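Please open the structure in your viewer and keep the selection tool at hand.

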2 protein chains.
Amino acid sequence: MKERRSLSSSERHPSHFGRGGLKLRRMKKLSVDVWSDVVCPWCAVGKRRLEAALAKFPHRADVEVVWRAFELDPTAPRVAVGDNAERIAKKYGRSRAQVEEMTAQLTRLAAIEGLDFHLDRSRSGNTFDAHRVLHLASERGLQDAVKERFFRGYMTEGEAIGEPEVLVRLAAEAGLDPEEVRATLATDRYADDVRDEERAAREMGISGVPFFVIGGKLGVSGAQPTEVLLRALEQGWASVEAATGASGGSEAAVCGPEGCG
Amino acid sequence: MKERRSLSSSERHPSHFGRGGLKLRRMKKLSVDVWSDVVCPWCAVGKRRLEAALAKFPHRADVEVVWRAFELDPTAPRVAVGDNAERIAKKYGRSRAQVEEMTAQLTRLAAIEGLDFHLDRSRSGNTFDAHRVLHLASERGLQDAVKERFFRGYMTEGEAIGEPEVLVRLAAEAGLDPEEVRATLATDRYADDVRDEERAAREMGISGVPFFVIGGKLGVSGAQPTEVLLRALEQGWASVEAATGASGGSEAAVCGPEGCG
């Protein structure tokens, strides 16, 4: 236990002391915000591991999961041209053999989570529209289903995830009204929401996905093992409990303007 | 596991998504900021319970405790007039018997923590100056010792904690230079620091003390049992670990602009 020097007021936890820096929730709800991209194999693995953690989490009924937008390559064309492994090797300056070895390992790890990856047939592309559809899906209470369908389309089935008509078809299979999806894609609906989430990711210093934010505060980077995610959920829940206790006003062992209770 | 609707950008966790809302620390240090007042018996109990929690905490060497200012009664005169129990009974509209019963119970609980309370002889008063001295003490690496001395002076020894010369004497016993304390009290040194901390408490919605903020984020209200404080420390530490991992850039199981690692 060390003592810190007092800091000048501007030095002192600038973000923590401000209004709302400590959020006292009154309802026991635990938010889980996951930044991810559709064309991100680790994000699909992370989704399975999160689900496994939630299955073991006693308060899972009070957990609210929202998938947030992140584009690994905002400059990607609608549909990426050419062979996937070749394109990745070229882009990241690796040999084709290196890319294939990494892909094979990722595929083995995904299989452990019950995922059937066929990344050799993946057809990458721009994912901005996919994120817009995920916003629509969220409004319709179908975000999880659509996210799942997009992942499978990209990782397993070789669907060209940047093509509007592919998004319409996959989203419809997950329960959305295809006409509504088509109408959304024909306009710029939800574009600002997607950009807001991407800006939030930048402001939090998120440089890779998946990135889990538990209870609005606790950040977990990467498709961490289920046990790590479960521990993060438990921490987040305890924090919610402490905060709701703190704001309940019935807390004992505290002195206030009305005396010591 | 429920789905949340997407919210408009202004509704969405206003404080969490902003710059620094999620603080990614690079060093594994856990801050513990405790808002308290010198004339707060539960704060003295809370200090002991925090110390007991830290004694059981494996990373206690990396914990930094800072005591933050809170005035239970900013309008108090330098030295409160009259019998303590009578004054409290009158102020809070309770009978003298009720106040004495509460005091007796608090004294029993304090004794369990090794504290020898004699609140019948307490001489309350304005604590703004005491908080200023605690800031000086913090700069001299003696905040814990001075805080401890002030608590004992008020809770056990019936020292008039609002009297500048009492503060000088007690602070000197804890190791501060009495002339420096006297010089500090003769000016308005640290007044802004005290007010900054009090404003931070208001902004966080803190209405009673002690109030512990672990890792800048997790709030614990009241002199909670040692086990609760220990659990909060563990949560805070795990959060620091997750955040330092997240910002380290060497994390696996994540896809970034440079590919999937």
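A residue is called buried if 20 or more other C-beta atoms lie within 10 Å of its own, exposed if 12 or fewer do, and partly exposed in between, with C-beta atoms placed from the backbone. The model is predicted, and local features need pLDDT of at least 70, side-chain atom pairs count only at pLDDT 80 or more, and totals for chains, interfaces and linings use all residues. Residues are numbered from 1 along each chain as its sequence is written, while chains are lettered from A and ligands numbered from 1 in the order in which they are written.

Select A:Tyr190, in the loop between helix 7 (178-186) and helix 8 of chain A. Helices (H or I, at least four residues) and strands (E, at least two) are DSSP runs, numbered from the N terminus. Is A:Tyr190 buried or exposed? A:Tyr190 is buried, because 23 other C-beta atoms lie within 10 Å. Its phi is near 70°, a positive value in a residue other than glycine.

Now select B:Tyr190, in the loop between helix 7 (178-186) and helix 8 of chain B. B:Tyr190 has a positive phi of about 70°, and it counts as buried because it has 23 C-beta neighbours inside 10 Å.

**Stop two: chain A as a whole**

Select chain A, which contains nine helices and seven strands. Of its 261 residues, 47% are buried. Two residues are in contact if their C-beta atoms, placed from the backbone, lie within 7 Å. Among contacts in chain A between residues at least 6 apart in sequence, 73% join residues at least 24 apart.

**Stop three: a cis bond and a hairpin**

Select A:Val209 and A:Pro210, which are joined by a cis peptide bond with omega about 5°. A:Pro210 belongs to the loop between helix 8 (191-203) and strand 4 of chain A.

Next, select strand 4 (residues 211-214) and strand 5 of chain A, which pair in the antiparallel sense over four bridges. Strands pair if DSSP finds at least two bridges between them. Which residue of strand 5 is the bridge partner of A:Ile214? The partner is A:Leu218. The two strands of chain A form a hairpin with three residues between them, and A:Gly215 in the turn has a positive phi of about 60°. Along strand 5 (residues 218-221), A:Leu218 and A:Val220 point one way, A:Gly219 and A:Ser221 point the other way, and all are buried.

**Stop four: two helices of chain B**

Select helix 5 and helix 6 of chain B, whose axes come within 8 Å and cross at roughly 130°. Axes are lines fitted to C-alpha atoms, for helices over the stretch in contact, and angles run from 0 to 180 degrees between N-to-C directions. The two helices of chain B are therefore oblique to each other; angles under 35 degrees count as roughly parallel, over 145 as roughly antiparallel, 65 to 115 as roughly perpendicular and the rest as oblique. On the helix 5 side, the contact involves B:Val146, B:Arg149, B:Phe150 and B:Gly153, and on the helix 6 side B:Leu170, B:Ala171 and B:Glu173.

Finally, select B:Thr156, in the loop between helix 5 (143-155) and helix 6 (164-173) of chain B. B:Thr156 is partly exposed, because 17 other C-beta atoms lie within 10 Å. Leaving aside residues up to four places away in sequence, B:Thr156 touches B:Asp116, B:Phe117 and B:His118. The C-alpha atoms of B:Thr156 and B:Arg121, 35 residues apart along the chain, are separated by 7.9 Å.
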